[in-house]
Amino acid sequence: MNFGFSEEQEELRKMVRRFLEEKSPESEVRRLMATAEGYDPAVWAQMANELALQGLGIPEEFGGQGFGPVELYVVFEEMGAALLCSPYFSTVALAANALLFVGSDEDKAAFLPGIASGETIATLAVTDDAGQWDFTKTSTTATRSGDNFVLNGVRSYVTDGSTATLLLTPAMTDKGLSLFAVDGDAKGVTRESLSTMDQTRKQSRLEFKDAPATLVGDEGGALCGLEETLQVAEAALAAEQVGGAQRVLDASVEYAKNRVQFGRPIGSFQAIKHKCADMLLDVESAKSAAYYAAWAAQERNDELPIAASLAKSFCSEAYFHCAAENIQIHGGIGFTWEHPAHLYFKRAKSSELFLGDPAYHRELLAQRLGI
């Protein structure tokens with residue numbers, strides 16, 4: 001089993017990194033996180049038209065590039081390092097995969113080309129107000145109205161829910177859990193932006209009152225596809241976390257080499273050495289877990305549920321530990337608003353909870369392993 005990246009994948013990494021260095025410097029992250037939309041439409045269009053990133057994992061027959069989760073892993077890792085403010089994760093990791101795993105060919109042809117071209121910003125509304133990531137506890141309901149359906153219920157903590165033009169919403173019908181496509185501006189849809197600790201990733205609360213909806217896939221047949229969607233998204237989020245953890249490790253090492261106290265660089269002090277060594281161990285171990293999950297997602301084999309929960313639980317804790325140690329190593333300056341350390345700390349904490357916290361995924365691992 002080879003977890004190394006090919007020459008083409010490394011070239012993709014370099015291309016994305018150069019793009020993000022130009023389009024997502026710290027100053028731009030701070031500007032965008034203070035806006036209601038939370039992203040730059042011009043950069044979003046460039047990502048689609050010049051780099052084809054939105055369609056990277058979409059099959060060619062539906063307007064995409066036909067690559068897989070490993071290539072997307074490379075992209076998400078670089079985006080996590082740059083703290084890119086963009087609806088890319090919600091559109092690509094959540095919505096596009098939900099359409100691929102649940103939708104019929106007709107559904108894919110209807111929605112995926114718009115995502116690949118950048119015209120459609122989409123999201124998957126997973127949780128209700130209780131914040132549970134278990135689809136079997138979905139409280140939103142759908143009932144037939146002529147040839148279509150109407151939705152009633154509430155979805156909370158929806159990533160990019162206020163800017164998405166396409167809302168993919170799981171709901172219960174008489175036949176069981178189903179997936180529905182709802183226009184973001186449809187009658188009966190109320191969207192409320194939520195205050196978040198991590199301002200770089202926007203969240204919303206959606207309320208549906210007899211909102212017109214289009215069935216995606218088979219009625220009552222969405223559960224397996226949606227569960228696989230979350231597993232692939234967990235692998236993508238683990239990649240983001242690895243990118244962020246590597247970036248704060250690099251920042252800590254650079255500061256430890258340059259900051260002088262008592263006539264010596266602080267990196268020569270044993271306490272700082274130990275912190276940096278522990279961070280390096282976390283980062284390298286997180287990479288192994290995340291690469292394994294990306295491979296399992298690429299193969300779509302039986303190891304994916306285990307690999308995804310393993311990566312999500314370990315990478316969450318590794319990133320949060322590294323982000324916290326980064327603040328400690330920087331000392332007083334690391335606690336200030338002007339320093340970027342807090343931006344990574346907040347992203348690390350929100351990502352730790354996003355798609356289920358480590359305790360939730362360890363419980364899933366225990367169940368799946370029969371422990």
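This is a predicted model: local features need pLDDT of at least 70, side-chain atom pairs count only at pLDDT 80 or more; totals for chains, interfaces and linings use all residues.

Me: What makes R205 and D129 a salt bridge?
Reply: The term asks for a side-chain nitrogen of Lys or Arg within 4 Å of a carboxyl oxygen of Asp or Glu. For R205 and D129 the closest N and O atoms are 2.9 Å apart, so the pair qualifies. R205 lies in strand β7 (residues 203-216) and D129 in the loop between β1 (122-124) and β2 (141-145), so parts 76 residues apart in sequence are tied together. Helices (H or I, at least four residues) and strands (E, at least two) are DSSP runs, numbered from the N terminus.

Me: How do you know that R13 and E77 form a salt bridge, and why are they called buried?
Reply: Their closest N and O atoms are 3.5 Å apart, so they pass the distance rule. R13 sits in helix α1 (residues 7-23) and E77 in helix α4 (residues 69-82), 64 residues apart. R13 has 8% relative accessibility, so it counts as buried, and E77 is buried because its value is 7%.

Me: What about R347 and D198?
Reply: Their side chains meet N to O at 3.2 Å, so that's a salt bridge as well. R347 is in helix α10 (residues 341-353) and D198 in the loop between β6 (189-193) and β7, so the pair ties together parts 149 residues apart in sequence. R347 and D198 are both buried. Elsewhere, salt bridges that share partners join E10, R13, R17, E77 and E78 into one network. The rule gives 22 salt bridges in total.

Me: What makes something a nonpolar core here?
Reply: It's a set of buried Ala, Val, Leu, Ile, Met, Phe, Trp, Tyr and Cys residues joined through side-chain atoms within 4.5 Å. The largest has 94 residues, and Y88, F89 and L168 have the most contacts inside it. Helix α5 (residues 88-102) gives the most to this core, with 12 residues. Apart from it lies another core, of 21 residues, including V29 and C322.

Me: Which residues does L168 touch?
Reply: Contact means heavy atoms within 4.5 Å. Leaving aside neighbours within four places in sequence, L168 is in contact with residues including A95, L99, F180 and V216.

Me: Why is strand β5 said to be largely enclosed?
Reply: 7 of the 8 residues of β5 (residues 176-183) are buried, so the rest of the structure largely encloses the strand.

Me: How do you know that β4 and β5 pair?
Reply: Pairing takes at least two bridges found by DSSP between the strands. Strand β4 (residues 166-173) and β5 run antiparallel and have 8 bridges, so they pair. L167 stands opposite V182 in β5, and a hairpin joins the two strands through 2 residues. β5 and β7 also run antiparallel, with 3 bridges.

Terms used
Residues are numbered from 1 along each chain as its sequence is written. Side-chain values use heavy atoms; hydrogens and water are left out. Buried means under 20% relative accessible area, exposed over 50%, partly exposed in between (1.4 Å probe, protein chains only).
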